[in-house]
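Me: I have a model open and some quick questions. Can you walk me through it?

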Amino acid sequence: MRNTLRSIICSIYAMVFIGVISSCEKTLLSSDPGTTPSEVFEYLWDDIQNRYAYFELKQIDWKAVKERYVMEVDNNMSEHELFDVLAEMLFELEDGHVNLTSPFNRSRNWEWQQNYPLNYNQGIIDRKYLGKDFYISGPLRHQLIDSVLYVNYRSFTESLRDDDIAAILHRAQNAKGVIIDVRSNGGGAINNAFNLAGAFTDQSYTYGKVRIKNGPCSDCFSSWTDLRVPARTNGSYSGTVVVLTNRSSYSSTTYFAEMMRQNPRAILVGNTTGGGGGSPVFGELPNGWVYRFSSTQALTLDDEHFESGIPVDVEVDLDQSDEAGGKDTILESALQLLQ
Amino acid sequence: MHRFILCLFIFIGFLPEFLAQNHSIFVGGGLRSDALRDEGYSPLLFDGLGLSALLGYEKKSEKRETLWLLNFSQSRTTNSFGRELKATSVGLLNLNFYPRKENKISWGWSNSNGLQHRFITGFDNFNGRTDVFTSFGPAVKYNLPFTFKNQSFSFQAVSHFQILGFYLPSGYTSSLPKGFGYEPNGALRGFWESLYLFYPGGAFNAALWPKLQWHLSSGNSLSLNYIYEYTRLTGAKLHARSTGMWLMTLSMKLK
């Protein structure tokens with residue numbers, strides 16, 4: 001009897017003990033780091049130092065950048081003031097894939113496009129070239145202009161289905177050529193880019209190579225891995241394709257431009273793309289703000305960085321008098337090439 | 001036909017051993033409380049609740065007790081700023097004890113295998129991170145049977161501590177282990193290049209599993225379990241996880 005009682009008491013004690021520790025999962029991990037401006041600044045600077053991919057290409061001395069900005073941080077500053085200091089520090093990376101997002105603002109560096117002429121006028125495209133009876137296939141808007149199929153793709157963030165590609169290939173069957181207009185397309189999902197590029201080749205091909213930061217040292221990168229365009233399995237277009245780009249063609253659109261540049265059937269017209277060759281990785285600061293930055297490098301087959309933009313075969317700007325007259329000089333050049 | 005005969009011989013060969021043992025399976029489910037930190041995403045701690053399901057098989061003979069435990073869990077965690085991280089895990093635990101009649105404590109060894117996947121919301125790239133580990137270490141079991149109002153109960157506490165093994169964590173930046181994705185490797189070389197040694201100081205996995213068991217007259221039993229598990233993998237980026245699960249299980253005797 002005494003043993004039974006002892007067993008029951010032991011069991012009850014044990015379960016009560018368990019009940020107490022079962023609410024302590026959180027306390028058994030170390031607590032969150034501090035959120036003073038200095039601690040937040042140090043955390044951000046460190047992570048960029050360890051994982052950013054383009055210090056060497058851009059010849060940025062990140063330690064010198066720290067010395068400049070750390071002087072501006074003090075623990076009594078407001079969160080808006082801290083945000084401004086961090087944003088200015090990140091601005092030095094000259095990278096459109098670098099942002100700092102807080103509940104009240106999002107920092108960015110858009111000089112890769114803002115310091116250049118736009119060379120794209122959506123109003124002219126809508127009124128003069130697409131008109132009223134254009135087709136819409138998913139994210140693609142297309143119209144036959146002088147027996148050339150003009151396809152306008154605004155953002156690679158919009159999903160492209162194979163049916164959408166089939167629709168343009170069907171319309172392109174009897175066309176003299178195809179124009180893919182990705183000017184001011186700021187990028188999105190790379191899958192959409194290589195699915196579209198794959199519709200203009202009957203053979204898969206390599207268009208570049210990529211590597212990722214895999215350690216904190218400056219040359220800690222993975223090996224280079226080939227980037228390939230897979231040929232579309234359900235048929236492709238065998239005629240000439242002209243791709244229109246401008247400085248606002250960025251990120252996945254830069255990749256798309258290079259995919260097409262390596263296609264012997266394609267001609268690039270317009271301006272060098274804006275770059276955006278590094279895949280952005282995200283992080284969170286101790287104060288909950290989110291930041292992102294480029295963590296990969298991509299090279300063309302000529303060993304040029306995608307980050308620097310993809311050059312075109314035919315450089316054309318939008319002529320101001322043409323624009324005033326409702327004409328798109330770059331698109332007109334493409335149409336002439338295909339006549 | 002000869003395959004059938006071969007199978008029959010194998011079955012007959014193992015039959016005496018099978019008959020000399022007690023076999024039972026158990027199923028269960030319950031709530032879990034998760035706290036975790038993955039420095040590949042954030043220095044902040046995420047915590048929250050989730051659900052766990054358990055499937056087990058136990059084999060007991062006079063000299064040896066073996067337990068296989070398959071556990072599937074999902075939980076939704078948030079950090080102090082409201083960012084959400086979904087954690088999914090699958091674990092397969094094998095425990096082996098060598099009991100002695102006069103002793104309430106039995107010692108043995110364990111093999112712990114885990115796959116832990118995390119998905120953070122609001123990050124457009126590299127938003128999934130996964131770790132896989134397998135390790136071996138000692139295990140201990142304490143068993144205290146007692147009766148209360150003519151019903152048979154027992155209090156059991158099992159613990160294991162992992163010493164040696166290997167693990168494949170997500171990469172320094174990438175979601176995939178470092179030997180995959182951005183490396184032009186085949187599966188075998190990628191696996192080899194992604195391996196980290198699991199050893200005390202480098203990685204940690206241990207669990208404490210007390211349970212109160214009510215033995216029914218049919219030979220089956222009902223248990224209230226609490227499983228606490230701590231895992232720390234210091235791969236390319238630290239991932240630490242502290243989990244407590246409250247589970248009800250029903251154990252059914254096969255023989």
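Me: Which residue forms a salt bridge with Lys66(A), and how far apart are the closest N and O atoms?

Reply: Glu42(A) is the partner, with the closest N and O atoms 3.0 Å apart. A salt bridge here is a side-chain nitrogen of Lys or Arg within 4 Å of a carboxyl oxygen of Asp or Glu. Lys66(A) lies in helix α4 (residues 62-70) of chain A and Glu42(A) in helix α2 (residues 37-51) of chain A, so the pair ties together parts that are 24 residues apart in sequence. Helices are DSSP runs of H or I, at least four residues, and strands are E runs of at least two, numbered from the N terminus.

Me: What are the ground rules for these values?

Reply: This is a predicted model: local features need pLDDT of at least 70, side-chain atom pairs count only at pLDDT 80 or more, and totals for chains, interfaces and linings use all residues. Residues are numbered from 1 along each chain as its sequence is written, chains are lettered from A and ligands numbered from 1 in the order written, and side-chain values use heavy atoms, leaving out hydrogens and water.

Me: How many salt bridges over all chains?

Reply: The structure holds 24. Two of them cross the interface of chain A and chain B. Asp32(A) and Arg37(B) meet in a salt bridge at 3.2 Å, N to O.

Me: What area do chain A and chain B bury between them?

Reply: About 3800 Å², with 64% of it on carbon and sulfur atoms. Buried area is the accessible area (1.4 Å probe) that two parts lose on being put together, summed over both. Glu25(A), Leu29(A) and Glu284(A) supply 17% of what chain A buries against chain B, more than any other three residues. By contact (heavy atoms within 4.5 Å), 47 residues of chain A touch 47 residues of chain B.

Me: And the scores?

Reply: ipTM is 0.86 and pTM 0.88. Chain B averages a pLDDT of 90, and 91% of the residues score at least 70. pLDDT is the predictor's confidence in each residue, from 0 to 100.

Me: Where in chain B is the lowest mean pLDDT among the elements?

Reply: Helix α1 (residues 2-19) of chain B, at 53. Strand β4 (residues 84-97) of chain B has the highest, 97.

Me: How many helices and strands does chain B have?

Reply: Two helices and 12 strands. The C-alpha trace of chain B spans about 55 × 55 × 35 Å along its principal axes.
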